[in-house]
Amino acid sequence: MLSPTKHSNLKYSIINVSASIITTLKENSIIEYNDLLSTLKHKIGLEVSEVFLLSLNFLYILKRIEYIDELDSIRLLNEAV
């Protein structure tokens with residue numbers, strides 16, 4: 001379960017980082033992995049790298065993103081939602 005504690009910084013929560021990933025992918029339909037991480041570090045902060053992969057996994061499990069191996073890129077799925 002994804003629940004905050006009194007010590008949690010919601011800015012770096014998986015839900016917030018996932019929302020930022022979706023927003024970034026709506027602006028750029030396909031973005032390279034490193035470019036996405038750099039964009040989020042600039043938007044949210046350097047500590048985002050600690051939860052970046054967890055957020056990608058969360059979105060992948062929900063079938064919101066896919067990884068394109070040949071391009072080392074992430075693409076948003078189900079944009080109509």
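This is a predicted model: local features need pLDDT of at least 70, side-chain atom pairs count only at pLDDT 80 or more; totals for chains, interfaces and linings use all residues.
Now the overall layout. The protein chain has 3 helices and 3 strands. Along the sequence, they come in the pattern α-β-α-α-β-β. How much of the chain is buried? Of its 81 residues, 32% are buried.

I will start with helix α3. It runs over residues 49–61, which is 13 residues. At 1.5 Å a residue, α3 should span 18 Å.

Which residues of α3 are buried? They are Val51, Phe52, Ser55, Leu56 and Leu59. These residues cover an arc of only 150 degrees around the axis, so they sit on the same side of α3. An α-helix has 3.6 residues a turn, so residues three or four places apart point the same way. Now look at the face turned away from that buried side. There, α3 carries the exposed residues Glu50, Tyr60 and Ile61.

What covers the buried residues of α3? The cover includes α1, residues 14–27, and α2, residues 33–43. Strand β2, residues 65–68, is also part of that cover. One more point on the backbone here. Lysine 63 follows α3, and its phi is positive, near 60 degrees.

Next, α1 against α3. The two helices pack at an angle of about 70 degrees, and their axes are 9 Å apart. That angle makes α1 roughly perpendicular to α3. From α1, the contact uses Ile14, Ile15, Val17, Ser18, Ile21 and Ile22. From α3, it uses Val51, Phe52, Leu54, Ser55, Leu56, Phe58 and Leu59.

Let me zoom in on one residue of that contact. Serine 18 is in helix α1. Is serine 18 buried or exposed? Its relative accessible area is 3%, so serine 18 counts as buried. Set aside residues up to four places away in sequence, and serine 18 touches Ser55, Phe58 and Leu59. Take leucine 59 from that list. Serine 18 and leucine 59 are 41 residues apart in sequence, yet their C-alpha atoms are 6.8 Å apart in space.

On to α2. Its buried residues are Leu36, Leu37 and Leu40. They cover an arc of only 100 degrees around the axis, which puts them on the same side of α2. What covers them? The cover includes the helices α1 and α3. It also includes strand β1, residues 30–32, and strand β3, residues 73–76. Just after α2 comes glycine 45, with a positive phi of about 145 degrees.

How does α2 meet α3? They pack at an angle of about 125 degrees, with axes 11 Å apart. That makes α2 oblique to α3. The crossing of α2 and α3 is right-handed. On the α2 side, the contact is made by Tyr33, Leu36, Leu37, Leu40 and Lys41. On the α3 side, it is made by Ser49, Phe52, Leu53 and Leu56.

The remaining helix pair is α1 and α2. Here the angle is about 120 degrees, and the axes are 11 Å apart. That makes α1 oblique to α2. The crossing of α1 and α2 is right-handed. α1 brings Val17, Ser20, Ile21, Thr23, Thr24 and Glu27 to the contact. α2 brings Leu36, Thr39, Leu40 and Lys43.

Let me stop at lysine 43. Its place is in helix α2. At 41% relative accessibility, lysine 43 counts as partly exposed. Which residues does lysine 43 contact, leaving aside neighbours within four places in sequence? They are Ser20, Thr23, Thr24 and Glu27. Consider serine 20. Lysine 43 and serine 20 are 23 residues apart along the chain, and their C-alpha atoms are separated by 8.5 Å.

α1 is roughly perpendicular to α3. α1 is oblique to α2. α2 is oblique to α3.

Technical notes. Residues are numbered from 1 along each chain as its sequence is written. Side-chain values use heavy atoms; hydrogens and water are left out. Helices (H or I, at least four residues) and strands (E, at least two) are DSSP runs, numbered from the N terminus. The expected span of a helix is 1.5 Å times one less than its number of residues. Buried means under 20% relative accessible area, exposed over 50%, partly exposed in between (1.4 Å probe, protein chains only). The arc is that of the directions from the helix axis to the C-beta atoms. Contact means heavy atoms within 4.5 Å. Axes are lines fitted to C-alpha atoms, for helices over the stretch in contact, and angles run from 0 to 180 degrees between N-to-C directions. Angles under 35 degrees count as roughly parallel, over 145 as roughly antiparallel, 65 to 115 as roughly perpendicular and the rest as oblique. A crossing is left-handed if the near helix is turned anticlockwise from the far one by less than a right angle, and right-handed if clockwise.
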